[in-house]
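I'm going to look up a few spots one by one and jot down what I find.

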Amino acid sequence: MEKTKDAYELDLNNMPQHVAFIMDGNRTWARQHHRPKYFGHHEGTKTVRRIALECNRLGIKAMTVYAFSTENFKREKSEVDYIFKLPAEFFDSYIDELVRENVQMLYIGHLELAPESTQNVIKRCVERTKNNTGLKLVFAFIYGGRDDIIEATKKTAIAYKNNEITLDDITEDFFDDQLMTRGLPPVDLMIRTSGEVRLSNFLLWQLSYAELIFDDTLWPDFDEAELHKDLAIYQHRSRRYGGGK
(Lines give C-alpha, C1' and ligand atoms only; values in the text may rest on other atoms or scores of the structure.)
Protein backbone atom coordinates (compact mmCIF):
# COMPACT_ATOMS: atom_id res chain seq x y z
CA MET A 1 0.00 0.00 0.00
CA GLU A 2 1.71 3.17 -1.20
CA LYS A 3 1.64 6.03 1.29
CA THR A 4 2.72 9.62 1.40
CA LYS A 5 5.63 10.61 3.62
CA ASP A 6 3.84 12.92 6.01
CA ALA A 7 2.45 12.91 9.53
CA TYR A 8 -0.93 11.58 8.39
CA GLU A 9 0.29 8.51 6.47
CA LEU A 10 -2.07 9.02 3.56
CA ASP A 11 -2.89 6.02 1.42
CA LEU A 12 -2.37 7.08 -2.18
CA ASN A 13 -4.57 4.18 -3.29
CA ASN A 14 -7.52 5.52 -1.28
CA MET A 15 -7.74 9.09 -2.47
CA PRO A 16 -11.11 10.70 -3.25
CA GLN A 17 -11.60 11.06 -6.97
CA HIS A 18 -13.28 14.43 -6.63
CA VAL A 19 -12.91 16.95 -3.80
CA ALA A 20 -15.20 19.98 -3.60
CA PHE A 21 -14.43 23.08 -1.54
CA ILE A 22 -16.60 25.81 -0.09
CA MET A 23 -13.90 28.43 0.31
CA ASP A 24 -15.22 30.26 3.35
CA GLY A 25 -13.49 32.74 5.62
CA ASN A 26 -11.85 35.19 3.23
CA ARG A 27 -13.51 38.26 4.70
CA THR A 28 -12.96 37.09 8.27
CA TRP A 29 -9.27 36.54 7.47
CA ALA A 30 -8.97 40.09 6.11
CA ARG A 31 -10.64 41.53 9.20
CA GLN A 32 -8.35 39.59 11.52
CA HIS A 33 -5.33 40.89 9.61
CA HIS A 34 -6.64 44.48 9.62
CA ARG A 35 -6.85 44.57 5.85
CA PRO A 36 -9.71 45.61 3.55
CA LYS A 37 -12.22 42.76 3.34
CA TYR A 38 -11.63 42.27 -0.36
CA PHE A 39 -7.98 41.49 0.34
CA GLY A 40 -9.09 38.16 1.78
CA HIS A 41 -10.42 37.14 -1.63
CA HIS A 42 -7.03 38.04 -3.13
CA GLU A 43 -5.26 35.84 -0.58
CA GLY A 44 -7.78 33.09 -1.20
CA THR A 45 -6.67 32.78 -4.83
CA LYS A 46 -3.22 31.78 -3.57
CA THR A 47 -4.82 28.94 -1.63
CA VAL A 48 -6.65 27.72 -4.75
CA ARG A 49 -3.32 27.42 -6.55
CA ARG A 50 -1.60 25.75 -3.59
CA ILE A 51 -4.34 23.17 -3.00
CA ALA A 52 -4.89 22.46 -6.70
CA LEU A 53 -1.22 21.64 -7.19
CA GLU A 54 -1.23 19.37 -4.14
CA CYS A 55 -4.42 17.60 -5.23
CA ASN A 56 -2.81 17.08 -8.62
CA ARG A 57 0.34 15.66 -6.99
CA LEU A 58 -1.75 13.27 -4.90
CA GLY A 59 -3.51 11.91 -7.97
CA ILE A 60 -6.95 13.37 -7.21
CA LYS A 61 -8.89 13.56 -10.46
CA ALA A 62 -11.07 16.65 -9.91
CA MET A 63 -11.30 19.64 -7.57
CA THR A 64 -14.31 21.96 -7.64
CA VAL A 65 -14.21 25.30 -5.84
CA TYR A 66 -17.27 27.42 -5.05
CA ALA A 67 -16.00 30.68 -6.51
CA PHE A 68 -19.25 32.66 -6.81
CA SER A 69 -22.78 31.54 -6.00
CA THR A 70 -26.02 32.67 -7.58
CA GLU A 71 -26.80 34.30 -4.21
CA ASN A 72 -23.53 36.27 -4.05
CA PHE A 73 -25.07 39.00 -6.21
CA LYS A 74 -26.73 40.13 -2.95
CA ARG A 75 -23.36 41.38 -1.69
CA GLU A 76 -22.19 44.97 -2.05
CA LYS A 77 -21.61 45.90 -5.69
CA SER A 78 -18.02 46.88 -4.99
CA GLU A 79 -17.27 43.42 -3.59
CA VAL A 80 -19.00 41.68 -6.51
CA ASP A 81 -17.05 43.82 -8.98
CA TYR A 82 -13.80 42.90 -7.23
CA ILE A 83 -14.59 39.17 -7.30
CA PHE A 84 -15.26 39.39 -11.03
CA LYS A 85 -11.73 40.75 -11.48
CA LEU A 86 -10.15 37.83 -9.61
CA PRO A 87 -10.14 35.33 -12.51
CA ALA A 88 -7.85 37.61 -14.52
CA GLU A 89 -5.59 38.07 -11.49
CA PHE A 90 -5.50 34.34 -10.80
CA PHE A 91 -4.87 33.21 -14.34
CA ASP A 92 -2.30 35.94 -15.09
CA SER A 93 -0.33 34.78 -12.04
CA TYR A 94 -0.68 31.01 -12.28
CA ILE A 95 -1.84 29.82 -15.69
CA ASP A 96 1.67 29.06 -16.98
CA GLU A 97 2.42 26.97 -13.90
CA LEU A 98 -0.90 25.14 -14.11
CA VAL A 99 -0.25 24.35 -17.77
CA ARG A 100 3.20 22.97 -16.92
CA GLU A 101 1.65 20.82 -14.19
CA ASN A 102 -0.92 19.39 -16.65
CA VAL A 103 -3.96 20.88 -14.82
CA GLN A 104 -7.12 21.28 -16.88
CA MET A 105 -9.36 24.29 -16.19
CA LEU A 106 -13.16 24.00 -16.35
CA TYR A 107 -16.15 25.95 -15.08
CA ILE A 108 -19.76 25.29 -14.19
CA GLY A 109 -22.48 27.87 -13.69
CA HIS A 110 -23.93 30.81 -15.57
CA LEU A 111 -20.77 32.42 -16.84
CA GLU A 112 -22.87 34.42 -19.30
CA LEU A 113 -24.03 36.60 -16.38
CA ALA A 114 -20.47 37.76 -15.66
CA PRO A 115 -18.88 40.80 -17.33
CA GLU A 116 -17.60 40.03 -20.82
CA SER A 117 -13.99 40.58 -19.76
CA THR A 118 -14.38 37.92 -17.03
CA GLN A 119 -16.03 35.51 -19.46
CA ASN A 120 -13.21 35.94 -21.95
CA VAL A 121 -10.47 35.29 -19.38
CA ILE A 122 -12.07 32.08 -18.14
CA LYS A 123 -12.86 30.81 -21.64
CA ARG A 124 -9.27 31.45 -22.76
CA CYS A 125 -7.93 29.40 -19.86
CA VAL A 126 -10.35 26.56 -20.55
CA GLU A 127 -9.23 26.54 -24.18
CA ARG A 128 -5.54 26.71 -23.32
CA THR A 129 -5.71 23.74 -20.94
CA LYS A 130 -8.27 21.58 -22.76
CA ASN A 131 -5.71 18.92 -23.70
CA ASN A 132 -4.23 18.59 -20.20
CA THR A 133 -4.84 15.24 -18.55
CA GLY A 134 -4.10 15.88 -14.87
CA LEU A 135 -6.35 17.39 -12.23
CA LYS A 136 -9.57 18.95 -13.48
CA LEU A 137 -9.79 22.28 -11.62
CA VAL A 138 -13.44 23.33 -11.81
CA PHE A 139 -14.62 26.82 -10.90
CA ALA A 140 -18.27 26.94 -9.83
CA PHE A 141 -18.91 30.48 -10.99
CA ILE A 142 -22.37 32.02 -10.69
CA TYR A 143 -23.48 28.55 -9.65
CA GLY A 144 -26.29 27.30 -7.45
CA GLY A 145 -27.22 23.72 -6.61
CA ARG A 146 -30.98 24.29 -6.85
CA ASP A 147 -30.56 26.06 -10.17
CA ASP A 148 -28.44 23.18 -11.44
CA ILE A 149 -31.22 20.70 -10.61
CA ILE A 150 -33.91 22.93 -12.14
CA GLU A 151 -31.93 23.36 -15.37
CA ALA A 152 -31.36 19.60 -15.56
CA THR A 153 -35.09 19.02 -15.00
CA LYS A 154 -35.94 21.42 -17.82
CA LYS A 155 -33.61 19.60 -20.21
CA THR A 156 -35.14 16.29 -19.20
CA ALA A 157 -38.67 17.62 -19.72
CA ILE A 158 -37.80 18.99 -23.16
CA ALA A 159 -36.26 15.65 -24.18
CA TYR A 160 -39.39 13.84 -23.03
CA LYS A 161 -41.69 16.33 -24.78
CA ASN A 162 -39.74 15.84 -28.01
CA ASN A 163 -40.11 12.05 -27.70
CA GLU A 164 -36.33 11.68 -27.38
CA ILE A 165 -36.68 9.67 -24.16
CA THR A 166 -39.34 7.67 -22.31
CA LEU A 167 -40.14 7.85 -18.60
CA ASP A 168 -38.17 4.66 -18.09
CA ASP A 169 -35.08 6.37 -19.53
CA ILE A 170 -35.06 8.88 -16.66
CA THR A 171 -32.67 7.23 -14.23
CA GLU A 172 -30.15 8.64 -11.79
CA ASP A 173 -27.40 8.12 -14.37
CA PHE A 174 -29.46 9.92 -17.01
CA PHE A 175 -30.12 12.83 -14.67
CA ASP A 176 -26.42 12.99 -13.71
CA ASP A 177 -25.67 13.60 -17.38
CA GLN A 178 -28.04 16.60 -17.47
CA LEU A 179 -26.24 18.37 -14.61
CA MET A 180 -23.48 20.92 -15.08
CA THR A 181 -20.97 18.46 -13.59
CA ARG A 182 -21.53 15.83 -16.30
CA GLY A 183 -18.31 14.10 -17.23
CA LEU A 184 -16.72 14.68 -13.83
CA PRO A 185 -16.15 11.91 -11.27
CA PRO A 186 -18.70 11.72 -8.43
CA VAL A 187 -17.87 14.03 -5.51
CA ASP A 188 -16.35 11.88 -2.76
CA LEU A 189 -15.40 14.61 -0.31
CA MET A 190 -16.64 18.13 0.40
CA ILE A 191 -14.59 20.42 2.65
CA ARG A 192 -15.96 23.72 3.94
CA THR A 193 -13.55 26.02 5.70
CA SER A 194 -14.01 28.65 8.46
CA GLY A 195 -16.18 26.51 10.73
CA GLU A 196 -19.54 27.21 9.09
CA VAL A 197 -21.70 24.07 8.98
CA ARG A 198 -24.02 24.29 5.98
CA LEU A 199 -23.98 23.56 2.24
CA SER A 200 -25.05 27.01 1.02
CA ASN A 201 -26.72 25.67 -2.14
CA PHE A 202 -23.53 23.97 -3.37
CA LEU A 203 -23.70 20.78 -5.48
CA LEU A 204 -26.85 19.58 -3.74
CA TRP A 205 -27.45 16.54 -5.96
CA GLN A 206 -23.76 15.70 -6.26
CA LEU A 207 -23.14 15.69 -2.49
CA SER A 208 -25.79 13.06 -1.76
CA TYR A 209 -23.22 10.46 -0.67
CA ALA A 210 -20.11 12.58 -0.31
CA GLU A 211 -18.20 12.70 2.95
CA LEU A 212 -18.50 16.16 4.53
CA ILE A 213 -15.79 17.86 6.58
CA PHE A 214 -16.29 21.26 8.20
CA ASP A 215 -12.84 22.65 8.91
CA ASP A 216 -12.32 25.60 11.28
CA THR A 217 -9.37 26.93 9.25
CA LEU A 218 -10.03 30.11 7.28
CA TRP A 219 -9.59 29.55 3.55
CA PRO A 220 -6.53 31.81 3.10
CA ASP A 221 -4.80 29.80 5.86
CA PHE A 222 -5.78 26.40 4.44
CA ASP A 223 -2.56 24.70 3.35
CA GLU A 224 -1.20 21.33 2.30
CA ALA A 225 -0.94 20.10 5.90
CA GLU A 226 -4.59 20.96 6.55
CA LEU A 227 -5.58 19.21 3.34
CA HIS A 228 -3.65 16.12 4.41
CA LYS A 229 -5.39 16.17 7.79
CA ASP A 230 -8.82 16.25 6.15
CA LEU A 231 -7.86 13.55 3.67
CA ALA A 232 -6.74 11.37 6.58
CA ILE A 233 -10.16 11.88 8.20
CA TYR A 234 -11.79 10.87 4.91
CA GLN A 235 -9.64 7.74 4.65
CA HIS A 236 -10.61 6.62 8.15
CA ARG A 237 -14.33 6.81 7.45
CA SER A 238 -16.39 3.83 6.35
CA ARG A 239 -18.41 4.60 3.23
CA ARG A 240 -21.43 2.27 3.04
CA TYR A 241 -23.75 4.21 0.70
CA GLY A 242 -26.78 3.23 2.76
CA GLY A 243 -25.73 -0.40 3.16
CA GLY A 244 -24.74 -2.30 6.27
CA LYS A 245 -21.28 -2.91 7.66
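This is a predicted model: local features need pLDDT of at least 70, side-chain atom pairs count only at pLDDT 80 or more; totals for chains, interfaces and linings use all residues.

Where does leucine 167 sit? I found leucine 167 in the loop between helix H5 (145-161) and helix H6 (172-176).

Leucine 167 has 57% relative accessibility, and the cut-off for exposed is over 50%, so I log leucine 167 as exposed. I also see leucine 167 in a nonpolar surface patch with Tyr160 and Ile170. Together the three have about 290 Å² of accessible area.

Then I moved on to methionine 180. I located methionine 180 in the loop between H6 and strand E5 (189-192). Its relative accessibility comes to 21%, so I put methionine 180 down as partly exposed; buried would need under 20%.

Last, the helix pairs. Two packed helices are described by the angle between their axes and the distance between the axes.

For helix H3 (residues 77-100) and helix H4 (residues 116-128), I get an angle of about 15 degrees with the axes 9 Å apart. H3 and H4 are therefore roughly parallel to each other, and H3 passes H4 in a left-handed crossing.

For helix H2 (residues 37-57) and helix H7 (residues 224-235), the axes come within 10 Å and cross at roughly 50 degrees. I therefore note H2 and H7 as oblique to each other. The crossing of H2 past H7 is right-handed.

Technical notes: Residues are numbered from 1 along each chain as its sequence is written. Side-chain values use heavy atoms; hydrogens and water are left out. Patches are made of residues with over 30% relative accessible area and no salt bridge: like charges are joined within 9 Å, nonpolar side chains (Val, Leu, Ile, Met, Phe, Trp, Tyr) within 5 Å. Accessible areas come from the Shrake-Rupley method with a 1.4 Å probe; for residues, only the protein chains shown count as cover. A salt bridge is a side-chain nitrogen of Lys or Arg within 4 Å of a carboxyl oxygen of Asp or Glu. Helices (H or I, at least four residues) and strands (E, at least two) are DSSP runs, numbered from the N terminus. Buried means under 20% relative accessible area, exposed over 50%, partly exposed in between (1.4 Å probe, protein chains only). Axes are lines fitted to C-alpha atoms, for helices over the stretch in contact, and angles run from 0 to 180 degrees between N-to-C directions. Angles under 35 degrees count as roughly parallel, over 145 as roughly antiparallel, 65 to 115 as roughly perpendicular and the rest as oblique. A crossing is left-handed if the near helix is turned anticlockwise from the far one by less than a right angle, and right-handed if clockwise.
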